[in-house]
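Hello,

Here is the structure we spoke about, with the sequence alongside. Please open it and keep it on screen while you read the notes below.

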Amino acid sequence: MASNVILFGWNRSIAGREKLSAQHFGEFVQYLGGLQQKGAIQGFEIVFLDTHGGDLNGFFLIKGDSAKLDALISTNEWVIHITRASLHLDGSGVVRGVTGNEVMERMALWTGVIPS
(Lines give C-alpha, C1' and ligand atoms only; values in the text may rest on other atoms or scores of the structure.)
Protein backbone atom coordinates (compact mmCIF):
# COMPACT_ATOMS: atom_id res chain seq x y z
CA MET A 1 0.00 0.00 0.00
CA ALA A 2 1.11 3.53 -0.72
CA SER A 3 2.27 5.88 2.01
CA ASN A 4 1.96 9.58 1.33
CA VAL A 5 3.58 11.14 4.42
CA ILE A 6 6.71 10.89 6.49
CA LEU A 7 6.56 11.94 10.12
CA PHE A 8 9.93 12.89 11.56
CA GLY A 9 9.42 13.48 15.27
CA TRP A 10 11.41 14.08 18.42
CA ASN A 11 11.08 14.47 22.15
CA ARG A 12 13.56 17.23 22.98
CA SER A 13 17.13 18.38 22.50
CA ILE A 14 19.72 16.46 24.47
CA ALA A 15 20.93 18.65 27.34
CA GLY A 16 23.90 20.73 26.27
CA ARG A 17 23.16 20.28 22.57
CA GLU A 18 20.34 22.80 22.22
CA LYS A 19 22.33 25.21 20.02
CA LEU A 20 23.25 22.35 17.71
CA SER A 21 19.58 21.37 17.52
CA ALA A 22 18.54 24.92 16.67
CA GLN A 23 21.18 25.17 13.94
CA HIS A 24 20.26 21.81 12.43
CA PHE A 25 16.56 22.70 12.60
CA GLY A 26 17.19 25.70 10.33
CA GLU A 27 19.29 23.63 7.94
CA PHE A 28 16.61 20.91 7.79
CA VAL A 29 13.89 23.47 7.03
CA GLN A 30 16.04 24.82 4.16
CA TYR A 31 16.65 21.26 2.92
CA LEU A 32 12.92 20.49 2.88
CA GLY A 33 12.18 23.82 1.18
CA GLY A 34 14.65 22.90 -1.55
CA LEU A 35 13.02 19.49 -1.97
CA GLN A 36 9.65 21.18 -2.30
CA GLN A 37 10.96 23.61 -4.95
CA LYS A 38 12.41 20.67 -6.92
CA GLY A 39 9.12 18.75 -6.72
CA ALA A 40 10.62 15.91 -4.68
CA ILE A 41 7.99 16.52 -1.99
CA GLN A 42 4.60 18.23 -2.15
CA GLY A 43 5.20 20.16 1.03
CA PHE A 44 5.80 19.94 4.75
CA GLU A 45 4.41 21.19 8.03
CA ILE A 46 6.23 21.76 11.29
CA VAL A 47 4.31 21.04 14.47
CA PHE A 48 5.40 21.91 18.01
CA LEU A 49 3.16 20.26 20.61
CA ASP A 50 2.17 21.95 23.85
CA THR A 51 3.71 20.55 27.01
CA HIS A 52 1.83 17.38 27.85
CA GLY A 53 4.20 15.01 29.63
CA GLY A 54 4.60 12.73 26.62
CA ASP A 55 7.63 11.77 24.59
CA LEU A 56 6.61 13.39 21.30
CA ASN A 57 6.99 17.15 21.47
CA GLY A 58 7.38 18.12 17.84
CA PHE A 59 7.48 16.79 14.32
CA PHE A 60 7.82 17.52 10.64
CA LEU A 61 4.99 16.13 8.50
CA ILE A 62 6.43 15.72 5.02
CA LYS A 63 3.90 15.13 2.25
CA GLY A 64 4.44 13.65 -1.17
CA ASP A 65 4.01 10.88 -3.67
CA SER A 66 4.79 7.47 -2.18
CA ALA A 67 7.46 6.60 -4.75
CA LYS A 68 9.15 9.99 -4.34
CA LEU A 69 9.14 9.60 -0.56
CA ASP A 70 10.66 6.13 -0.94
CA ALA A 71 13.41 7.65 -3.08
CA LEU A 72 13.92 10.51 -0.61
CA ILE A 73 14.54 8.33 2.44
CA SER A 74 17.12 6.30 0.56
CA THR A 75 19.30 9.31 -0.32
CA ASN A 76 22.57 9.97 1.49
CA GLU A 77 21.46 13.52 2.26
CA TRP A 78 18.32 12.29 4.08
CA VAL A 79 20.27 9.63 6.00
CA ILE A 80 22.87 12.22 7.03
CA HIS A 81 20.17 14.58 8.36
CA ILE A 82 18.46 11.82 10.33
CA THR A 83 21.78 10.56 11.69
CA ARG A 84 22.80 14.08 12.71
CA ALA A 85 19.46 14.54 14.44
CA SER A 86 19.99 11.36 16.46
CA LEU A 87 23.16 12.92 17.89
CA HIS A 88 21.39 15.97 19.37
CA LEU A 89 17.73 14.97 19.75
CA ASP A 90 16.30 12.62 22.32
CA GLY A 91 13.66 10.26 20.94
CA SER A 92 13.99 11.18 17.27
CA GLY A 93 12.38 8.87 14.76
CA VAL A 94 10.89 8.51 11.30
CA VAL A 95 7.52 6.90 10.58
CA ARG A 96 5.64 6.50 7.29
CA GLY A 97 1.91 7.12 7.19
CA VAL A 98 -1.12 8.06 5.15
CA THR A 99 -3.51 11.00 4.87
CA GLY A 100 -6.43 11.92 2.65
CA ASN A 101 -8.06 9.20 0.54
CA GLU A 102 -5.42 6.71 1.62
CA VAL A 103 -6.89 6.78 5.15
CA MET A 104 -10.15 5.35 3.83
CA GLU A 105 -8.26 2.68 1.89
CA ARG A 106 -6.44 1.65 5.07
CA MET A 107 -9.68 1.69 7.03
CA ALA A 108 -11.30 -0.56 4.42
CA LEU A 109 -8.34 -2.91 4.67
CA TRP A 110 -8.56 -2.94 8.45
CA THR A 111 -12.30 -3.57 8.57
CA GLY A 112 -11.87 -6.29 5.93
CA VAL A 113 -9.63 -8.35 8.21
CA ILE A 114 -11.72 -8.05 11.38
CA PRO A 115 -12.87 -11.55 12.30
CA SER A 116 -16.63 -12.08 12.15
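Helix α1 gives the largest share of the lining of the largest pocket, with 6 residues. Bear in mind that this is a predicted model. The space in this pocket comes to about 180 Å³. In total, 14 residues line the pocket, and those closest to its centre are W10, S21, F25, H88 and L89. By class, 8 of the lining residues are nonpolar, 4 are polar and 2 are charged.

Now the overall layout. The protein has 4 helices and 6 strands. Starting at the N terminus, the elements run β-β-α-β-β-α-α-β-β-α. Along the principal axes, the C-alpha atoms fill a box of roughly 55 × 40 × 20 Å.

Next, the sheet. Four strands form an open sheet in the order β3-β4-β1-β6, and the pairing is antiparallel. Which strands stand at the edges? They are β3 (43–48) and β6 (93–97). Each has a single partner strand, so one side of each is left without a neighbour in the sheet. On average, neighbouring strands are turned by 20 degrees against each other, direction ignored.

Look at β1 and β4 next. Strand β4 covers residues 58–63 and pairs with β1 in the antiparallel sense, over 6 bridges. In this pairing, W10 stands opposite G58 of β4. Helix α3 packs on the sheet and touches β1, β4 and β6. The direction of α3 makes about 25 degrees with that of β1.

Last, the charged pairs. How many salt bridges does the structure hold? There are 3. One of them joins the side chains of E27 and R84, at 2.8 Å from N to O. This pair links distant parts of the chain. E27 is in helix α1 and R84 is in helix α3, 57 residues apart.

Best wishes

Technical notes. Residues are numbered from 1 along each chain as its sequence is written. This is a predicted model: local features need pLDDT of at least 70, side-chain atom pairs count only at pLDDT 80 or more; totals for chains, interfaces and linings use all residues. Side-chain values use heavy atoms; hydrogens and water are left out. On a 1 Å grid over the protein atoms alone, a cavity is a set of points where a 1.4 Å probe fits but cannot get out, and a pocket is an open set with protein on both sides within 12 Å along at least five of seven lines; lining residues have an atom within 4 Å of a point. Grid points are joined across faces, edges and corners, and a volume is the space filled by probe spheres set on the points. Helices (H or I, at least four residues) and strands (E, at least two) are DSSP runs, numbered from the N terminus. Ala, Val, Leu, Ile, Met, Phe, Trp, Tyr, Cys and Pro count as nonpolar, Asp, Glu, Lys and Arg as charged, and the others, Gly among them, as polar. Two strands pair if DSSP finds at least two bridges between them. Axes are lines fitted to C-alpha atoms, for helices over the stretch in contact, and angles run from 0 to 180 degrees between N-to-C directions. Contact means heavy atoms within 4.5 Å. A salt bridge is a side-chain nitrogen of Lys or Arg within 4 Å of a carboxyl oxygen of Asp or Glu.
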